[in-house]
Amino acid sequence: MILEIISINLFRNKKRIFKNFNFKLKKSQIAALIGKNGSGKTSLLDMVVGLIKPDSGQIIIDRCDIDEIGENKKFKFIYLPFIDAFKENFSVQDNLKLWGELSSVKFTQKKLDEKLKFFDLFQLKNTLLSKLSQGQKKRVSLVKLLLSKCTLWLLDEPFNSLDSENMKKLKVVFLNHRKNGGSILLASHIDLKIKDTKNVYIKLEKINAKPKDNNDNWNSLR
Amino acid sequence: MEYFLKFLESKEHLPYVATSYIIVFFILVIIFVHSILKLKKLENDFDELNKQ
Amino acid sequence: MMNIFFKLLKREIKLSIDRISIITSYSSFFLMSLLIFTFGIGPDIGKLNELYSPIVWLIMLFSIILISENFLMHDYRDGSLRELQYLGYSEELIIFSKAIVMFLILIIPHFFLIPLCSILLNLNLTELISLSINVILGSPSLILISIISNLLTIQVRQSKVLQFVIIMPFYIPLIIFTTSRNPNETSDIIDLNKFLILIGFFLITLPIVLLSGKMILKEVNK
Amino acid sequence: MIFKLANPNRFIRFSDRISPYLSYLFILLMSYGLFLCFFKSPPDYLQGETVRIMYIHVPCAWFSLMFYSSIAICSFFSLIFKHTLADIISRALAPLGASLTLATLITGSIWGKPTWGTWWVWDARLTSELVLLFLYIGIIILSNSFENKTKGDKYAAILSLVGIINLPIIKWSVDWWNTLHQPASISKFSSPSIDPSMLTPLIVMTFALLFFSLQVTFIRIKSEILQRKIDIIRSTELS
């Protein structure tokens, strides 16, 4: 079991987003979180990486509680958020090198070039990031996946602003990763369409719990 | 009583004392009225929402 | 621990390459404000000499608050603050490394600004030495407090004015101790006690800023 | 008692029941206090009739400081135990404290005119009171500048805690600065003992103001609870 989410409860902005949510991700498994906007896809990923603390419940990565991992977080998983942390006035390869240093991923220039070529970014490697289009930026962040050695991938909307050709490439990357024993948790409103029994689809739905009229404790007013 | 009469006679100091009391009471009244009005408005809103 | 800290420091220094422009804008702001002050006070060099330390300190205070945006706000907007957090870097180290780099960058322009000030404001050598020690010892606290104001207003849309309003009271002790001149003493003596107070003030400010900064950074993603 | 209040609705009922008594007490004490102030207390031999400003100025100053420290204590509780009542109380207290600080400043400067000859002196106490006003304003603005109320509460709590740590430092440094710039000559109020004929009205006025503040605080807490309930209902309706 690579990722375990045990009975999570979360309130945000006075709304209940998760109510006793349970989920397990095994080795070589791809799980897709599907749901409308505001159904808590990003919140779930943020909780898994420890940016948000759930109101109750536990998240376990690799048999370690997420709060206790601390500095070793970067070796456990790779997370690609919706807004990529890129410095606009740095070139593509400088951005990737910066990321590599921060997340302790070591790679040679040759390997970087090779991976950039895979996503057709080799010609752009010295361009400033501010000059790239949305899809190109997305591809730059996807290169991180190829460079990293983590087994758990957490992806927020990886297919956004990608064209069909690159989506096919990404699917190949996913399948390769699964073959090597890695697992992926991704949030997307686009169907992955990998016809396979191993994949899991989790449908997140909005919880429309009406507030009780007699709020019986102070914390319900938060 | 004689203290009060003496106080009223003191032309020099009376305006200072009087204005300071008036200003403090003015501030207290303002904060009180503001709180009451806010409460009334919220109570109305709450009742309307509950009726729906 | 040290390894992680140096990694963060290295990142900040790398990012500072494009912050070189800050130095020019800082020094031009400094000189322009000096000019404005001179127009306000009048060309009487004796009067200017009397008021040198409040002038220099006020300018420094305002310019540091204005400049501090480049260090935290930008990192927050492009999501790299989040990245640092989910990679498992501790919040104290993030803030501390930022403060150090800010200090290093802002101390550079003072190498020529303070001598220039001493010419323009007719300072003698002891005053010059006292002012430069003052700047070196006092600016860390200035920077730390500006970081707190930045963190508190990081998510407010029109934050500039708010930042000044909420943080000004905390600058009062600092401005008192840096600008104070004992009227009984002649200007030829360097007052050591004042410097000790400045160091003490820094030692008080540092843990408060680190602790409250950590609390704020934990709240930011909610 | 505290367990009984551990429920917003019960708290509202409790405050509804108690608030008339608070008003009666306030009116009673205030009228008695004013009577004592103007009819029963002698003029000071040094300051003459202006000493009557003290009976309103000093309670305001005490409460302005007390409410700031209560806000800081509440912030501590809200950060450590994450209890919403602490947030609500500090939100309710901040405007009240700010207005009392303003009252203190105004009465202080009116008092200063006949005694010192100017409206404003950069005296240590006046200056610290002014700084306190700015701290209050900062907290109020910061807590209201977020759409998410919880976040505003948290940030304001952090700010007020940093403020309470800094307040003694500010006070001390202002004192120091004051003695540096003007040798101590104006602190002529600090009479070591106060005559009972002056002390009684002061105490009565203090309690009157206390009951007034409690009353206003209860009202503001109630409106804060209602506001939050309304927000919850609205947000569930929208989604």
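Colleague: Which exposed residues does H1(C) carry on the face turned away from its buried side?

Modeller: Bear in mind that this is a predicted model. In it, the outward face of H1(C) holds Met2(C), Asn3(C) and Phe6(C), which are exposed.

Colleague: And which residues of H1(C) are buried?

Modeller: Those are Leu8(C), Arg11(C), Glu12(C) and Leu15(C). Around the axis they cover an arc of only 95°, so they sit on the same side of H1(C).

Colleague: What covers that buried side?

Modeller: Look at two chains here. The cover includes helix H4 (92-102) of chain A, along with helix H7 (91-120) of chain C.

Colleague: How do I check the length of such a helix? What should the 14 residues of H1(C) span?

Modeller: Count 1.5 Å a residue: helix H1 (residues 2-15) of chain C should then span 20 Å. Its end C-alpha atoms lie 20 Å apart, which agrees.

Colleague: Let's move to a sheet. Is strand S7 of chain A mostly covered or mostly uncovered?

Modeller: Mostly covered. Count the buried residues along the strand: in S7 (residues 152-156) of chain A, that's 4 of 5.

Colleague: Which strands does S7(A) pair with, going by the bridges?

Modeller: Take one neighbour at a time. Strand S6 (residues 77-80) of chain A is joined to S7(A) by 4 bridges, and the two run parallel. As one pair to look at, Ile78(A) has Trp153(A) as its bridge partner in S7(A). With strand S8 (residues 183-187) of chain A, S7(A) has 5 bridges, again in a parallel arrangement. There, Leu155(A) is partnered by Leu186(A) in S8(A).

Colleague: Now the interfaces. Which chains share the most contacts?

Modeller: Of the 4 pairs of chains in contact, it's B and D. Chain D puts in 35 residues and chain B 28 residues. On the side of chain D that touches chain B, the elements giving two or more residues are helix H1 (8-40), helix H2 (54-81), helix H3 (84-116) and helix H6 (196-238) of chain D. By class, that side has 21 nonpolar, 7 polar and 7 charged residues.

Colleague: How far is chain B from chains A and C, if no contact joins them?

Modeller: Go by the C-alpha atoms. Chain A and chain B have no contact, and their closest C-alpha atoms lie 9 Å apart. For chain B and chain C, which do not touch either, the nearest C-alpha atoms are 23 Å apart.

How values were computed:
Residues numbered from 1 in each chain as written. Chains lettered and ligands numbered in written order. Predicted model: local features only at pLDDT ≥ 70, side-chain atom pairs only at ≥ 80, totals over all residues. Contact = placed C-beta atoms within 7 Å. Nonpolar A, V, L, I, M, F, W, Y, C, P; charged D, E, K, R; others polar. Buried ≥ 20, exposed ≤ 12 C-beta atoms within 10 Å, placed from the backbone. Pairing = 2+ DSSP bridges. Expected span 1.5 Å × (residues − 1). Arc of directions from axis to C-beta.
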